Amino acid sequence: MTRLRCVHLNDDFAMGGVVKGLRIYDHPDLTRMVDSRVRPVNPRGRMAPRLNAHVIVTHFPPSWSSLPFLASLRLRNPHARLIHIEHSYTGNWEARTVRSQARFRLMLKLAYRMYDEVVAVSNGQAGWLRAIEAVDPVKLKVLHPWSGSQGLDKLPGPKFSQGQPIRLGAIGRFDHVKGFDVLIEAMKALPASRFELVIGGFGDQEQALRKAAGDMANIAFAGRIEDVASFYARCDVVVVPSRCEAFGQVAAEARMAGRPVIVSQADGLPEQVGRAGIVVDCSDPAMLASALAGLSTAQLKEMSVAARMSMAGAEFSRIKAWQALFHRAGKALAGRKSRSESLSGTLAISA
Amino acid sequence: MTSPEKISVIMPVYNVELYVAEAIRSVLDQSHDCLELIVVDDGGQDGSMDIVRSFDDPRIRIIRQKNRGLAGARNTGIAHATGTYIALLDSDDRWAPEKLMLHAIHLRSNPDVAVSYAGSRLIDADGRPLAVAMRPRLEAVDAAHILKRNPVGNGSAAVIRRSALDDVGFAHPDEPARTCWFDESFRQSEDIEMWLRMSAGHNCRFEGIGGLLTDYRIIGGGLSANIVRQFETWERAIDKARTYAPALIARHGNAAAAYQLRYLARRAIQLGDYAFARALTSQAIARYPAIFMEEPVKSLGTAGAALASALLPGTMMACLLRNRLGKAAAA
């Protein structure tokens, strides 16, 4: 089989998870099948380019203003396999943000119609897309993102011992959707002798979060994190209190590092937990605080072991799933080609 | 072209967190991809099942049960299987990627073969291949060969035709609703018991194909007491076969016991219990002296190792074995 040419279109290189997720295409088991390139685009109110690619993968969320781009992408690249990865929209996001549900869903339907496959990044997200009938269920696939092990699989596990404070960690954009404000409120209800919190990241909400933390000595801000492994090394337990989270790369990274995960009920988070942590209603700081206060050392030790185990097959499965996706693309392209050849053959005879 | 046969892979899982990921990867990597992987959670306590669930593939099915042992877990798996062929894989072993494809071709083109098997490499705890391999007899295999040498070799080598398997199923004595293929009253030697029942009791044909398609893991450690128990259960399997194939056991029983004792002597050498190895070897010779004529090299090798161990210092012996057995040899 000839190597497929694939172009990834992305509009926002600030989004942590999306950009990290692009690394998977450099994996040797995929580069053997596919030559992948990333191309920055601004899809709003513009026409799409003609691309020299067998497969085109879009990573930006569709919108009314990008519909002309998507339509022209389809028209100008009639032989390419078009795939969309939905990194952003979720059921929680829709419920919190969208004013006209009907209008939003119509936009999704129109946009997704241009594609040969639409990839959800979690089962939670896929369930919502199916429920609102945004996409033909045959075209909908689920692929959990993979951002590489980043040394997390080798990180020594946390040591939980009675009497030692539990070091909580949270990391991400300082944005309202991440729910760090709830976590800081919860910290106020927890004994400072038992819980410490370190928050990694940056963003618009930084001033508000620092103000909320006030002069609490057991809350630290670690700033922008370059070395992910050394950040997780500073935490025993990772909290992901997000209000929306299509998948939640942080929970996957924490599990790989053997850190128990305390996550909200949002979208793609609960399916990641298994025995590696607990799912908590994070809409109320008091609930989060009492869940944290209730964790025993023995429980945390078990969760820590289960956390690491729960990622053992992740890389293999994700690579396999991508191989299968490109394999489907290759087959569809071959089918398309032979159909058009036999069609031109018939025309030649009739002429 | 006909569509490929579906193969059901039966994998019991019981406290194997160090190895189970490799076993699963080797299944999902098979070039014959029309398969289902039935993982039977046999009620272990470690993180093995967290690892199993970390693999995200629609071909994996997980069935949970209270602990029943290997035979019981395999039976549960077979009961849930929907494939034309049944492949057994122990969760500490692994396969070459082409294994199922080759067995599927073999079984498809030989409708009279019930059990298809192949040789195995031996690997140590870290997955490194050892110098020794299992290269069993492949053709013209009859019940006497199965009794004496068990050419199937290990629990991860056989691919069985479902229709043949169903000929040997029976109701569990205490749970009539439960079908058994493997006899659950055996906690060891459950393989040879079933192979004997299939070949001597039901005339099933066994045939091997070339290549070393299974990596069979030899894990160091264990106790000599287990070797004694292993021989006792093996003898119980032979006693059971005597009820339906008396002539076969009368004719080949002693030879089979000698081969089994020689095999156990090799296990004892591996464990570093050389005195026990010598005792087993002399018992083997007493039961069936002709073992030297039938397989002189292997028999002399085992006897030689057992004797050398009496003369050489222990450290030198361990060193010799490590060269051959890698990490699987006793330290």
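In chain B of this predicted model, helix α7(B) passes helix α8(B) in a right-handed crossing, where right-handed means that the near helix is turned clockwise from the far one by less than a right angle. Helices here are DSSP runs of H or I with at least four residues, and strands are runs of E with at least two, numbered from the N terminus. Helix α7 covers residues 190–202 of chain B, and its axis lies 10 Å from that of α8(B) at an angle of about 20°. Axes are lines fitted to C-alpha atoms, for helices over the stretch in contact, with angles running from 0 to 180 degrees between N-to-C directions. The angle therefore makes α7(B) roughly parallel to α8(B); under 35 degrees counts as roughly parallel and over 145 as roughly antiparallel. Residues in contact (heavy atoms within 4.5 Å) include B:L196 and B:A200 of α7(B) and B:W234 and B:Y244 of α8(B). By class, this contact has eight nonpolar, one polar and three charged residues.

Helix α8 (residues 224–244) also meets helix α9 (residues 246–271) of chain B, their axes coming within 10 Å and crossing at roughly 165°. The two are therefore roughly antiparallel to each other. Among the contacting residues are B:F231 and B:W234 of α8(B), and B:L261 and B:L264 of α9(B). This contact has 15 nonpolar, three polar and two charged residues.

Next comes the meeting of the two chains. Chain B and chain A bury about 1000 Å² between them, 55% of it on carbon and sulfur atoms. Buried area is the accessible area (1.4 Å probe) that two parts lose on being put together, summed over both. Eleven residues of chain B and twelve residues of chain A take part in the contact. In chain B, the most area is lost by B:D50, B:S54 and B:D56, together 47% of what that side buries.

Side chains of opposite charge can pair when their charged atoms come close. A salt bridge is counted when a side-chain nitrogen of Lys or Arg is within 4 Å of a carboxyl oxygen of Asp or Glu. Two salt bridges are found between chain B and chain A; B:D29 and A:K320 meet in a salt bridge at 2.6 Å, N to O. Over all chains, the whole structure has 42 salt bridges. Within chain A, A:D11 pairs with A:R44 at 2.7 Å, N to O. A:D11 lies in the loop between β1 (4–10) and α1 (16–21), and A:R44 in the loop between β2 (34–40) and β3 (55–58), so the pair ties together parts that are 33 residues apart in sequence.

Residues are numbered from 1 along each chain as its sequence is written, and chains are lettered from A in the order in which they are written. Local features need pLDDT of at least 70 and side-chain atom pairs 80 or more, while totals for chains, interfaces and linings use all residues, and side-chain values use heavy atoms, with hydrogens and water left out.

Definitions and conventions: Parallel < 35°, antiparallel > 145°, perpendicular 65-115°, else oblique. Nonpolar A, V, L, I, M, F, W, Y, C, P; charged D, E, K, R; others polar.
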